[in-house]
Amino acid sequence: MSLPKGYLDADSLDIFSKLLNSIKQRSYDAMHIQPGHKLLDLGCGPGTDTIPLGLLVGNQGQVIGADYDLAMLAEANGRAGQAGVSAWVSHQQADAASLPFDNGYFDACRSDRLFQHLPDPAQTLSEMARVTKSGGWIVAIDTDWGSLSIDADEIDIERRYARFVASSALHNGYSGRTLFRHFKRQGLTDISFQAFPITANRSLLIRQATQADRTEQEAITAGTLSIEEVRRWRGYQEQADTEGVFFASVNIMLVAGRKP
């Protein structure tokens, strides 16, 4: 199975999970979790969220993490075993657009920066709603890469790079701003939304998040940036790091809704 656009490995996901921990905690709150609940974490990766969710539902509950990546699932199951929650926290391969679960099986479900990788997010949200009980909560976190802003003297290069990240480096790079619309069209109720600005003052974090080495080469191939422009772009970031003046920001959205 081929990797999606914008794919990050487990180590990278662990780094960003620490940065976004407060947002994750808010997503747990938005699920209205009770002991004994059944929860779905769609796009679970290496089990970053399934383990803390498992602690919230307790051993009378159930947490299922679903992902397409068998290596991620193996890592997640290993971590669940180490955490002592594997009796009620499990992970399995699944297609986000066609989930292998019964209607209304879960009390709540969530996804975390999954929709940006999906060519058909509306279908995935429909599936999340289908497998959630009436009255249950659906929560999604995603990045609006259209809000990416990197301070640079050469604004034209910066804007073309940022646009390429949102439009071409991911299947659905504007996903954060579209969540509210998708939740409304799905017919969910009691919809709430929150926006979180994420900032960085070192280029490494942004370059890792945007998979910059690969993205820059793709931008050159697409004719969005020239080799010389990429050279200058990298040089600026290195100089900004040296001077301690690098700054970038991007918005992350959290949307929650209840299934009627």
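Predicted model: local features only at pLDDT ≥ 70, side-chain atom pairs only at ≥ 80, totals over all residues.
**Cysteines**

I started with Cys 109: its sulfur is 13 Å from the closest cysteine sulfur, the one in Cys 44, which is too far for a bond. A disulfide would need the two sulfur atoms within 2.5 Å. So I wrote down zero disulfides for the structure. Cys 109 is buried, at 0% relative accessible area, and Cys 44 counts as buried too, at 4%. My cut-offs: buried is under 20% relative accessible area, exposed is over 50%, and partly exposed is in between (1.4 Å probe, protein chains only).

**Ground rules**

Residues are numbered from 1 along each chain as its sequence is written, and side-chain values use heavy atoms, with hydrogens and water left out.

**Aromatic rings**

I searched the whole structure and got four aromatic pairs. One of them is Phe 101 with Phe 106, edge-to-face, with centres 5.1 Å apart and planes at 85 degrees. The rule for Phe, Tyr and Trp (its six-membered ring) is centres within 6.5 Å; planes under 30 degrees apart are stacked, over 60 edge-to-face, and the rest tilted. Phe 101 is buried at 8%, and Phe 106 is buried at 0%. Ring pairs also bring in Tyr 105, giving a cluster of Phe 101, Tyr 105 and Phe 106.

Next I looked at Tyr 161 and Trp 233, whose centres are 5.6 Å apart with planes at 40 degrees, so the pair is tilted. Tyr 161 sits in helix H6 (residues 155-167) and Trp 233 in helix H10 (residues 227-243), so this pair ties together parts 72 residues apart in sequence. Helices (H or I, at least four residues) and strands (E, at least two) are DSSP runs, numbered from the N terminus. Both Tyr 161 and Trp 233 are buried.

**Salt bridges**

The whole-structure search gave 21 salt bridges, meaning a Lys or Arg side-chain nitrogen within 4 Å of an Asp or Glu carboxyl oxygen. Arg 232 and Glu 154 meet in one of them at 2.7 Å, N to O. That pair links distant parts of the chain, 78 residues apart: Arg 232 is in H10, and Glu 154 is in the loop between strand S5 (132-150) and H6. Arg 232 is partly exposed at 30%, as is Glu 154 at 33%.

Asp 156 pairs with Arg 160, also 2.7 Å between the closest N and O atoms. They are four residues apart in H6, about one helical turn.
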